Amino acid sequence: MRRSPLRTTFALAAAALAVVACDRSPSGLDSEVEIAEIIIAERGTRNAVAYSHHDHWHGVLRLELGDAAEYTIYFLDEPMGVADHSLPDSSLWIELPSQGGYALQGVVEDGAVATWTGGAGDGRLSALSEGGTHVSFVVLKGGTTIYQAPPLGLAVTP
Ligand SMILES: [Zn+2]
């Protein structure tokens, strides 16, 4: 028995819908993203300063006393391979959706050493005193934590 072209088209469309449905979260919102990794890049150049990899970071934040640095923050929506420690290709970097109530918080463990200020896609780190500490990054959606990065090392040198 031959399948009519119409039936074939219907079957392909149904298959495509099934794939899309699998990709969607249960709420079906287009702006729904999962955050798996975070990348801190120099603002303007997209040079990665540090990137998370599962439970650790590659790179640290370094500042000289009295300096400030500005960053653009990118994310990966899928985790890197456990054994793949290299910087993920920049074509995979995404920004937090502007819709959907996403927010990024950066908290410096020792606030006497440095402060982090910024929004969902950028940040400014200001060095206040010499020393070492960590910065914790958390991604929130509607006030609920959906991603927490491991603590990122931060050094302020004279
Ligand atoms: Zn690694």
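Which residue in β2 is the bridge partner of A41? In this predicted model, A41 is bridged to A48 of β2. The two strands β1 and β2 pair in the antiparallel sense, and the pairing runs over three bridges.

These strands belong to an open sheet of six strands, arranged in the order β3-β2-β1-β5-β8-β7 with antiparallel pairing. The edges are formed by β3 (56-58) and β7; each has a single partner strand, so one side of each is left without a neighbour in the sheet. From one strand to the next, the twist averages 25°.

The loop between β1 (37-42) and β2 (48-53) contains R46. This residue is classed as exposed because 12 other C-beta atoms lie within 10 Å, and a residue counts as exposed at 12 or fewer. When residues up to four places away in sequence are not counted, R46 touches A41 and S90. Its C-alpha atom is separated by 9.4 Å from that of Y74, which is 28 residues apart from R46 along the chain.

The largest nonpolar core comprises 31 residues, of which I39, F75, A114, V135, L152 and L154 touch the most other members. At least two core residues are supplied by each of β1, β2, β5 (68-76), β6 (102-108), β7 (114-118), β8 (122-127), β9 (131-141) and β11 (152-157). The most are given by β5, with five residues. Apart from neighbours within four places in sequence, the contacts of A114 are L63, V108, L125, S126, A127, L128, L154 and V156.

Terms used. Residues are numbered from 1 along each chain as its sequence is written. This is a predicted model: local features need pLDDT of at least 70, side-chain atom pairs count only at pLDDT 80 or more; totals for chains, interfaces and linings use all residues. Helices (H or I, at least four residues) and strands (E, at least two) are DSSP runs, numbered from the N terminus. A residue is buried if 20 or more other C-beta atoms lie within 10 Å of its own, exposed if 12 or fewer, and partly exposed in between; C-beta atoms are placed from the backbone. Two residues are in contact if their C-beta atoms, placed from the backbone, lie within 7 Å. A nonpolar core is a set of buried Ala, Val, Leu, Ile, Met, Phe, Trp, Tyr and Cys residues joined through C-beta atoms within 7 Å. Two strands pair if DSSP finds at least two bridges between them. Axes are lines fitted to C-alpha atoms, for helices over the stretch in contact, and angles run from 0 to 180 degrees between N-to-C directions.
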